[in-house]
Structure formats: C-alpha cells, structure tokens
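Dear colleague,

Please find the structure below.

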Amino acid sequence: MAGSGQSRYYRSYSLGSHLINRTQGIRGLVNYGFSCCVNALLQSFCATWELVDILDKWNPLHVENKNRNVPLQLKEVFKAMQSDHSQPVSHHDFLKCLDKNRIRLYVQHDADEVFLLILNFLQRQMDEDTLVQAILSLYKVSLETVLHCRDCTYIQSYTSFLLSLPLHIKEDHNSLEDCIKSFFEPEVLRDTEKCYCEQCGMKTCATRGFKIISLPPILCLHLKRFRSYHDYTKKLQCKVTFPETFDFLEIVKEETLSQKYVTNGSKYSLCAVIVHIGIARFGHYTAYVHHKGDQSWYYANDSSVRKVCWSDVQSSYGGDGREKTAYMLLYRRDTQEQQFDGTETL
Ligand SMILES: [Zn+2]
C-alpha cells in the first residue's frame, strides 16, 4: 500500500526522537493495513484546531460503549497526536472503533466518504447538541438551490448545506478557481433528473443553480478525480492548480450570492491537502498540513513526517503523468478579515 516512494521519506521509527523534536508536535501515525486514508484525514482533522478544541470541551458523563464511540476515540487520538513522544501514534483502538462502525480495517477507502462519515458519527454519537452544532457550523456551506421550470418558468427554491463542496474537474488542465466557478453555473436537468414542478403538476425539465447563503470557517473542497463508467472507475490524473490563499467572492459572480447571504468573510488560506497517490484501483493517501506553531508546511506519510515548502505542496497539482494528486483541500477563513468585517458593521 505504501508504494515504492516510501523510502524517499524519513522514517521516524528508525531516526528516533530528534526527528520528532524537529517536527514540533506533528506526529506520524502507524499504518495498520490500509489505514493511510484515515491517517491522512486524522492529520487534517488535527490541523483543524477548532475541531480539536470543540472535542476537548466534550466531557460526557456516561458513554455506553466507549470502544464503539467515534468522538470519544477521536478525542484520545488527538491527545496522543499532540503529545511529545518519540514514536508515531499507535491508534489501533480508533481504527477498531471505526471498524465497529462499518469503516472496515484492511479495506481501501475513499477519503471524502470517510471524512463525511466521521463527521456524521460525531453528530450521532455526541450527546451535547451545542457542540454538535459547533462542529457542523465549522464546515457548513449553506446553499440556496433554485429550480427554474423550463416549461412554465415557475421558480422554486430550497435551502440545504454541504460539509464538503464536490467539484467536477475536466480531463485537461483545471484551476481550482474554474472548478468553483463551474459548480455555481446553472445546469439543465433532463430525462431521469427531471424535477416536480408545482405549477405544471408533473416532472419537467428544469435549470438548477446554487446560490451561497453562507461560507464556513473551514472550507472543504473535494476534487472529484474518480469517475465511474459502466464497469470501471477511472482516476483523472490531470493538473488542478490551487492557490495558497484566495478570496471566494473574487471567484464567483455577484448573482451567485443569495439574498439571504451572510457576510462573515470570504478570504481563505490553505491549511491541509489530502493527497491520493496511484490509480483508482490501488493507491496511497498522504497529507500536507500547515502547522499553527511554526506556520510551516509538513508532509505526513503515515509514520513519517517532514517539513516541506509551498513548492512541495504544489507538486500535488498532478498532470504530466504524475500520479500524486491533491484530492481534498481544506481552507481556513481569514480571522483578521472576520474581525475587520465585524468592526465595519458596528
Ligand atoms: Zn412548470
């Protein structure tokens, strides 16, 4: 699973504590048979200190089956990941806990699916609603879906939210900015996708568009690199460039904002990248995380962690036959801007 590239990286097992000390608190995670997907996600969750803080506040009085409780086990892993220790984290209990919740050990998983499943377990297995809502608010992109009947021009709209924004990519060169733009372009729903129109009283052809109600503190973008055909799935290895910082409102048109749009900042900085190396059938997950402590980038490949620079992160754009590609991007909203906006509205 780890692939032949593993030897290029530092092995924290053999190098001992001096390497860990140099990495200032970023700890690797042992790979227990195909756990690279969960490992990469854990690195990105742990880099989301807002989530770590929320789980820290959760002190349940009574949990029926501790071994099956994902939030409780996740709390334990976060503690271990933040402690200063010379060995990579052994998180077998957490993986066993996921296994009991049907995220099986020794199976290759899809990182976006597991990301959403873990957030779902946190919602279902935590008994404090305010903390559950705080976790959801962290990732929630609130959207207004507008359906425009093409037979009678009747317009219907409803609100919903996504915890990760699925972005379609083209088979040639892409930029994240273009992928975001195309997500918000209206799309015609025909044939099996027809929608029920209240005015026509039947399913009709409709144009569907999304409008933004609010943007989250942590924006998760999923680059849809796996495409299913009749009997096989192909991974798109094409180049998708992405910036270290961007302003969401400079990408989308003004008409993409809902009338209910809540202004609370739109400037984002990249904080983690989940990388997929390989092909659809067989691959390996790693992660780039931006460390709060020294404001540097680190590359986490299971048990090994090394400090890298931004150009290293950019090596996951893909293209030119490379199989190392960014698969999920996590951006953090600029808090200074939030404060600035808050002051302005006072
Ligand atoms: Zn209609």
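Donors are N, O and S atoms within 2.8 Å of the metal (3.2 Å for Na, K and Ca); water is not among the atoms, so sites may look incomplete. Along the chain, the donors of the zinc ion follow the spacing C-x2-C-x44-C-x2-C. They are the SG atoms of Cys149, Cys152, Cys197 and Cys200, lying 2.3 Å from the ion.

This is a predicted model, in which local features need pLDDT of at least 70 and side-chain atom pairs count only at pLDDT 80 or more, while totals for chains, interfaces and linings use all residues. Residues are numbered from 1 along each chain as its sequence is written, and side-chain values use heavy atoms, with hydrogens and water left out.

The zinc site is tetrahedral, with angles of 103 to 115° among its 4 donor atoms; four donors count as tetrahedral if all angles lie between 85 and 135 degrees. For comparison, the ideal angle for four tetrahedral donors is 109.5 degrees.

Where is Cys197, buried or exposed? Cys197 counts as buried because its relative accessibility is 1%, the term meaning under 20% relative accessible area (1.4 Å probe, protein chains only), with exposed meaning over 50%. Cys97 is also buried, with a relative accessible area of 0%.

A search of the whole structure finds 0 disulfides, a disulfide being a pair of cysteine sulfur atoms within 2.5 Å.

Yours sincerely

Note on methods:
Four donors count as tetrahedral if all angles lie between 85 and 135 degrees; four count as square planar and six as octahedral if opposite donors are over 155 degrees apart and all others between 65 and 115; anything else is irregular.
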